[in-house]
Amino acid sequence: AGSLAAPGRLQVDPVLARFGAWYELFPRSWGGLDAVRRRLPALAELGVDVVYLPPISPIGRTNRKGRNNALVAGPDDPGSPWAIGDATGGHDAVHPELGTVDDVVALTADARSLGIEIALDLAIQCSADHPWLTEHPEWFQHRPDGTLKYAENPPKKYQDIYNVDFDGADWAGLWAALRDVTLAWVERGVHVFRVDNPHTKALPFWEWLIAGVRAAHPEVVFLAEAFTYRALQDELGRLGFSQGYTYFTWKQSAHELAEYVGELAADERWTFRPNFFVNTPDILTEQLQHGGRSTFASRLVLAATLSPSYGIYSGYESFEATAVRPGSEEYLDSEKYEAHERHLDGPLLPLVADLNRIRRAHPALQHLDLGTRFLATEHDDLLAYARRHGDDTVICVVLLDAEQAQEGVCVVPDDLGLPPTFEVEDLLTGEVHLWHEHQHMRLD
């Protein structure tokens, strides 16, 4: 007896929305889409779940950026992939130097057969040569004199692109065109989108777009590249984004890391799922610039064991660490403005493979919840934490000091449910040891 509660709406995401290892690469640095396809087996052996590609559409020539973000491009400079569109096509086209639509279909199909999803950058902006500027000038905001203003995200300026006007007179036509672009890539096999700066665009649009796409394709995952305040990150999650970028790259001391992860793990609403990218084409932290190889290794371990989703941008595994100038987080000779010759052969890749193997074997590393416990140590440069899920417990101890070895006692609290003396397996070496409640540690 009694009345029934009103039905609610439940959205079920694929596991990839919660757990996965991402690898970002520029196809033009690997020989094009077909060359990336040939490297998929090697990426699968590394345990990569998502291969993320920046935009692969044609690149405009007007105001094209040159090397190191120069305002004047040379005749052979390829330009930034985010300056989307030229006379050959716009957001739904493929850059002819990278391949064809058939190459995209082959790439996504081969990737999926190996357990990998291809992620594509969804960047809603246009070069001055994009067909929409002549076909639909009403989709862009003009100054009183009729001119367009290039995009800015202070302090950065993007002289090679223009933003669309989500609130213009023909907003419905623009929204429909952007939905059609997204669905076109889904039909080609792209089921993951990394969305460029969604927090700077109309939030009702994202709610409408994601709901429409997922109504027909519930397997699609949307990652928000939104470095913004937490309330807005949560709002993006509520609107449908499956996960988002974080401030992990700038959380570097033991106190900062423990506080930040504790904040993320305590979110019982689950509206924001983090992705701990260790670097991006835009982010080369001062810590990486000066920390040396041990810092690259420790940051990789932290990302892979503190967050169920994490990512690296190619070049990290080879310890690339040179900034364009002191005080900048931009890479010297950035791939955003030129092609490199990339090979999947960096010395850090064995550690990547080991970490991904461990992550897949242990549910404790596949969930971010209140099972994350930071443990007391005798030294601030030894960060210790336990990850638990069900009856699976993984204890991690990471050296934060890039200069020298550190040692001290790690306290394993009684409420982890472990006896005073217990057996542990070192998941990196396979060795078995006896540990105690007060375990002495030394990391080199």
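Select Asn197 first: with a relative accessible area of 15%, Asn197 is buried (that is, under 20% relative accessible area, with exposed over 50% and partly exposed in between, using a 1.4 Å probe and protein chains only). Before moving on, know that this is a predicted model, where local features need pLDDT of at least 70, side-chain atom pairs count only at pLDDT 80 or more, and totals for chains, interfaces and linings use all residues. Residues are numbered from 1 along each chain as its sequence is written, and side-chain values use heavy atoms, with hydrogens and water left out.

Asn197 sits in the loop between strand E6 (192–196) and H6; helices (H or I, at least four residues) and strands (E, at least two) are DSSP runs, numbered from the N terminus. Now check its backbone: phi is positive, about 50°, although Asn197 is not a glycine. Most residues other than glycine have a negative phi, and most peptide bonds are trans.

Another positive phi is at Asp333, near 55°. Asp333 belongs to the loop between E10 and H10 and counts as partly exposed at 24% relative accessibility. Pro155 is in the loop between strand E4 (151–153) and strand E5 (156–158).

Next, show helix H6 (residues 203–216) with helix H7 (residues 230–239): their axes come within 9 Å and cross at roughly 30°. The axes are lines fitted to C-alpha atoms, for helices over the stretch in contact, and angles run from 0 to 180 degrees between N-to-C directions. That crossing makes H6 roughly parallel to H7 (angles under 35 degrees; over 145 is roughly antiparallel, 65 to 115 roughly perpendicular and the rest oblique). On the H6 side, pick Leu203, Trp206, Glu207 and Ile210; on H7, pick Leu232, Glu235, Leu236, Arg238 and Leu239. Contact here means heavy atoms within 4.5 Å.

Time for aromatics. The structure holds 26 aromatic pairs: rings of Phe, Tyr and Trp (its six-membered ring) pair if their centres lie within 6.5 Å, with planes under 30 degrees apart counted as stacked, over 60 as edge-to-face and the rest as tilted. Zoom in on Trp175 and Phe205, whose ring centres are 5.4 Å apart with planes at 70°, so this pair is edge-to-face. Trp175 is in helix H5 (residues 171–187) and Phe205 in helix H6, so the pair ties together parts 30 residues apart in sequence. Trp175 and Phe205 are both buried.

Then go to Phe296 and Phe319: centres 5.6 Å apart, planes at 85°, so edge-to-face too. Phe296 lies in helix H9 (residues 286–306) and Phe319 in the loop between strand E10 (309–313) and helix H10 (349–361), 23 residues apart. Phe296 counts as buried at 1% relative accessibility, and Phe319 is buried at 15%.

Two charges over rings come next. The charged end of Arg299 sits over the ring of Phe248, 4.2 Å from its centre, and that of Lys251 over the ring of Tyr260, 5.3 Å from its centre. To qualify, NZ of Lys or CZ of Arg must be within 6 Å of the ring centre and within 35 degrees of the ring normal.

Last stop: Glu24, in strand E1 (residues 20–24), which is buried with a relative accessible area of 1%. Leaving aside residues up to four places away in sequence, Glu24 touches Tyr52, Pro54, Phe277, Thr280, Pro281, Ile312, Tyr313 and Ser314. Finally, draw a C-alpha to C-alpha distance from Glu24 to Asn279: 9.8 Å in space, for residues 255 apart in sequence.
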